[in-house]
Amino acid sequence: MSLRHSYTIIAPLYDALLETAGTGVRAASLGQLPQQGDLNVLISGIGSGLDLPYLPSCHRYTGLDLTAAMLRRAKSRTGSLRMNLIQGNSMSLPFTDGYFDHVVLHLILAIVPDASACLRESARVLKPGGSVLILDKFLKPGETAWIRRTLNLLSQHIVTRLDVVFEEVLAGVPELKVEADMPVLAGGWFRNIRLIKN
């Protein structure tokens, strides 16, 4: 089953599973966006729009997702935000180089089949000095985590990967540097990471 099909199927259940989980960490991550100005912000893998209530209203947003079903749910949450919703692939973004001031990657790097491609594309469309805000689950370098790795054999084909090592993903994108990296949930499995583009 492809991710497009599986997320189309689970779209009605997605909010029930995730709306309250991680509310505080979503808000903390998005609180790093400038609270003033008129900037272009990409939310890559917007899903059903659970991030939208925590976005500063001053910016212009583009929300991208692989499935129309998720975008329909996100549309109901846009409120007064200046939001352009686009169906597309986070591993091959349909935007020009250096278009966005900031990129948000919440719970997407561990979902896409190629996290490195997703992060490279985010860096490509980001202006120099811009930030990438990441909230996701990552194994630590060298971590055995045999239960997660075993479950990953199935989960990666349905909803998410459980074996992504962030440091390995970042190694392929040298123009991005870590500015902050905080463990936030599940004993540090989930991390709130801020990257800056040189």
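This is a predicted model: local features need pLDDT of at least 70, side-chain atom pairs count only at pLDDT 80 or more; totals for chains, interfaces and linings use all residues.

Trainee: Which residues of helix 4 are buried?
Mentor: They are A115, S116, A117, C118, L119, E121, S122 and A123. Buried means under 20% relative accessible area, exposed means over 50%, and partly exposed is in between, using a 1.4 Å probe and protein chains only. Helices (H or I, at least four residues) and strands (E, at least two) are DSSP runs, numbered from the N terminus.

Trainee: Okay, back to helix 4. Why is it called largely enclosed?
Mentor: Because eight of its 10 residues are buried, helix 4 is largely enclosed by the rest of the structure.

Trainee: What do those buried residues pack against?
Mentor: Strand 4, strand 5, helix 6, strand 6 (176-185) and strand 7.

Trainee: And S122, what does that one touch?
Mentor: S122 touches L93, V103 and L105, leaving aside residues up to four places away in sequence. Contact here means heavy atoms within 4.5 Å. S122 has a relative accessible area of 0%.

Trainee: What caps the N-terminal end of helix 4?
Mentor: D114 does, with a side-chain oxygen 3.2 Å from the backbone nitrogen of S116.

Trainee: New topic: how many residues are in the largest nonpolar core?
Mentor: It has 29, and L105, L119, V132, I134, L176 and L195 have the most contacts inside it. Such a core is a set of buried Ala, Val, Leu, Ile, Met, Phe, Trp, Tyr and Cys residues joined through side-chain atoms within 4.5 Å.

Trainee: Which elements supply at least two residues of this core?
Mentor: Strand 4 (100-106), helix 4 (115-124), strand 5 (126-137), helix 6 (166-171) and strand 7 (190-197) each do. Helix 4 gives the most, with four residues.

Trainee: Where does the other core come in?
Mentor: Another core, of 14 residues, lies apart from that one, and V41, Y61, M83 and L133 are among its members.

Trainee: Zooming out, how many helices and strands does the chain have?
Mentor: Six helices and seven strands. From the N terminus on, they run α-α-β-β-α-β-β-α-β-α-α-β-β. Of the chain's 198 residues, 51% count as buried.

Conventions: Residues are numbered from 1 along each chain as its sequence is written. Side-chain values use heavy atoms; hydrogens and water are left out. A polar contact is a pair of N or O atoms within 3.5 Å; within protein, one must be able to donate a hydrogen and the other to accept it, and residues adjacent in sequence count only if both atoms are side-chain atoms.
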